[in-house]
Amino acid sequence: MSVSDLSASTQNYLKVIWGLAEWSDDPVTPKLIADKSGLKMSSVSDAIKKLDSQGLVEHAPYGAVELTELGRRYAIQMVRRHRLIESFLVTTLGYTWDQVHDEAETLEHAVSDFMVERIDALLGYPDRDPHGDPIPDAEGIVRVPDAVRLSQAGPVGRVVVERISDEDPAMLQFFDSCGIGLGAELTIGEAAPYSDAVQVSLPGGGKIPLGAQAADAIFVSPAPAAEDA
């Protein structure tokens, strides 16, 4: 069973549906799919009906769209391709993390299963891509980091960056300029009263308020307790 047997359009839909549910518990609706993919609702509705008839999704009228087990297996193959290609572009070809998403979106439809496995071996079987997203292994197992959005991380404390959303390249450039990357340790401080901003101390020194959009894009876990000297 290879995702290469599916059309590029079907591959895209399955990956989008899986991605919308990866970091959110909200129901995946046709409107969300349309917004994410930039397609018209009429096109998305027709595609969902076709995916349903192929046994790749389940969708009741006005209800959520859910991948079947078969659809999920295909979707995970696409996610694996995308994230391994991103990792290859950064590690081997010198791309920056804000440049790889669109390239991977194109290349993921052209590579063979053999090439995907060779890229995986060349990179040493990575389990995270340049943005911290988990890379499914060859068996389709996804090891999701135990992380929450920075905006939901709670009161003052030290946290480690586990993942950063790649949806906005300009925001990735901003984070890079601040020294906010995977593994960076941030300290959450007291925010200004009546503000939605999250005040953080940066790895290189200094403090910065991060608005809701930026704080929602960063996923963190508690930093390990400091060892006694």
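**View 1. Domain layout of the predicted model.** The C-alpha centres of domain 1 and domain 2 lie 31 Å apart. Domain 1 covers residues 3–71 and domain 2 covers residues 148–222, with bounds taken from an automatic or database domain assignment. This is a predicted model, in which local features need pLDDT of at least 70 and side-chain atom pairs count only at pLDDT 80 or more, while totals for chains, interfaces and linings use all residues. Residues are numbered from 1 along each chain as its sequence is written, and side-chain values use heavy atoms, with hydrogens and water left out.

**View 2. The annotated span 6–68.** An unreviewed UniProt entry annotates residues 6–68 as "domain: HTH dtxR-type". UniProt positions are given in the numbering used here, feature names are shortened, and annotations may be inferred rather than shown by experiment. The span is 57% helix and 10% strand, and its end C-alpha atoms lie 15 Å apart. Helices (H or I, at least four residues) and strands (E, at least two) are DSSP runs, numbered from the N terminus.

View 3. Helix α6 spans residues 113–122 and includes Asp120. Asp120 counts as buried because its relative accessibility is 6%; buried means under 20% relative accessible area, exposed over 50%, and partly exposed in between (1.4 Å probe, protein chains only). The Asp120 side chain makes a polar contact of 2.9 Å with the side chain of Arg80. A polar contact is a pair of N or O atoms within 3.5 Å; within protein, one must be able to donate a hydrogen and the other to accept it, and residues adjacent in sequence count only if both atoms are side-chain atoms. Leaving aside residues up to four places away in sequence, Asp120 touches Arg80, Leu84, Tyr125 and Pro126, where contact means heavy atoms within 4.5 Å.

**View 4. The open antiparallel sheet.** The sheet has 6 strands in the order β3-β8-β4-β5-β6-β7, with antiparallel pairing. Strands β3 (148–149) and β7 (207–210) stand at the edges with a single partner strand each, so one side of each has no neighbour in the sheet. Two strands pair if DSSP finds at least two bridges between them. Helix α7 (residues 169–178) lies across β4, β7 and β8 and runs at about 160° to β7. Axes are lines fitted to C-alpha atoms, for helices over the stretch in contact, and angles run from 0 to 180 degrees between N-to-C directions.

View 5. In β4, 6 of the 8 residues are buried, so the strand is largely enclosed by the rest of the structure. β4 (residues 157–164) pairs with β8 (residues 218–222) over 5 antiparallel bridges. Val159 stands opposite Pro222 in β8, and Phe219 is the bridge partner of Arg163. Arg163, in β4, counts as buried at 9% relative accessibility. Its side chain makes a polar contact with the side chain of Asp133 (2.6 Å). Beyond residues up to four places away in sequence, Arg163 touches several others, including Trp23, His131 and Leu182.

View 6. β5 pairs with β4 over 4 antiparallel bridges, and Thr187 is the bridge partner of Arg158. β5 also pairs with β6 (residues 198–201) in the antiparallel sense over 3 bridges; Gln199 in β6 is the bridge partner of Gly189.
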